[in-house]
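Hello,

Here is the structure we talked about. Please open it first, then read the notes below with the structure beside you.

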Amino acid sequence: MTNNLNSLADGVRCPLDFGASERRPLLALVEPDAAPPEVRAVYDEACRFYGMDRPPAVLRAMAGDPAFLRGVWSAVRAAFGEPEPGHAGRLDRLTKEVLALAASVTAKSEYGVDFHLREVRRLGLPEAGVLEVLQVTQLFNGYTKIADALRLAPTDFAPLARPKDADPMRPG
Amino acid sequence: MEIVRLPEPDEFGPEDRKIFDNTRHWFGIDFVPKMSLVLRMRPAIGDGLTQASRRAMPDRVLTRGQKELIAAAVSAMNVCEY
């Protein structure tokens, strides 16, 4: 989903939602006061979900087609929401935002980095944690380039047996 | 197929082999990853990257599991099969 949204936002030069930006969008954004009710409903959900006063520019960029906007937004909610009760071990919302930040840095998405950096902070990740995300992202962007440049063949790992209902996100 | 010959672990010196032991223990595996061999082939570069990785990957604010997820996501985005 991160690449889905970033590709549109950077492709049509959506202004950043939080950082200073001189980007001028290449298409008209649908502002809330001009939006039809079905679009406003998505905007309201998005503002609540992200704690924003104004819907993200990337949603305003796709709101010319309300049905398309609703479809994409439903997918975003499903992908980034907290796991439903009874699904222990699934990723929590902050971890998903951490991955979205790493993906945005890797894709060099100005819009995505601005958005997800703000979101991980809003969800409570301290600056030391932000640095850790950037460190791991930087290291593995480097390691993957080394591996590809040398054409390192992957190693076949035997599948690991996992205890039932184990939570891989907690230190052992 | 690799474009450089990767030495076998026993072709390295005792200090390097100690690092390989640590690496096997860290990943819970019984072989030396090819990337570890590459890094030991150029210690001037590999030492720094190894030090940075040892700093970055353990549980701190983020868990090691979360960091391995980041590594997997970055690898997938870069279509790096290794």
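In what follows, a helix is a DSSP run of H or I with at least four residues, a strand is a run of E with at least two, and both are numbered from the N terminus. Keep in mind that this is a predicted model.

Chain A on its own

By that definition, chain A has seven helices and zero strands. Along the sequence the pattern reads α-α-α-α-α-α-α. Along the principal axes, the C-alpha atoms of chain A fill a box of roughly 55 × 40 × 30 Å. The chain has 172 residues, and 33% of them are buried. Among the contacts in chain A with a separation of 6 or more, 61% are between residues 24 or more positions apart.

A helix pair inside chain A

Two packed helices are described by the angle between their axes and the distance between the axes. Take helix α1 (residues 2-11) and helix α6 (residues 110-122) of chain A: their axes come within 8 Å and cross at roughly 120°. Why is α1(A) called oblique to α6(A)? The crossing angle of roughly 120° lies between the perpendicular range, 65 to 115, and the antiparallel one, over 145, so the pair counts as oblique. On the α1(A) side the contact is made by A:T2, A:N6, A:A9 and A:D10, and on the α6(A) side by A:E110, A:Y111 and A:G112. These residues divide into two nonpolar, three polar and two charged.

Where the chains meet

How many residues of chain B are in contact with chain A? There are 32, and they touch 33 residues of chain A. On the side of chain B that touches chain A, α2 (34-41), α3 (43-56) and α4 (64-77) each supply at least two residues. The most come from α4(B), which gives 11 residues. By type, this side of chain B consists of 19 nonpolar, six polar and seven charged residues.

A helix pair across the chains

Helix α7 (residues 127-149) of chain A packs with α3(B): the axes come within 10 Å and cross at roughly 145°. The crossing of α7(A) and α3(B) is left-handed. From α7(A), residues A:E132, A:Q135, A:V136 and A:L139 meet B:A52, B:S53 and B:A56 in α3(B). The residues of this contact are four nonpolar, two polar and one charged.

Regards

How values were computed:
Residues numbered from 1 in each chain as written. Chains lettered and ligands numbered in written order. Predicted model: local features only at pLDDT ≥ 70, side-chain atom pairs only at ≥ 80, totals over all residues. Contact = placed C-beta atoms within 7 Å. Nonpolar A, V, L, I, M, F, W, Y, C, P; charged D, E, K, R; others polar. Buried ≥ 20, exposed ≤ 12 C-beta atoms within 10 Å, placed from the backbone. Axes fitted to C-alpha atoms, helices over the stretch in contact; angles between N-to-C directions. Parallel < 35°, antiparallel > 145°, perpendicular 65-115°, else oblique. Left-handed = near helix turned anticlockwise from the far one by under 90°.
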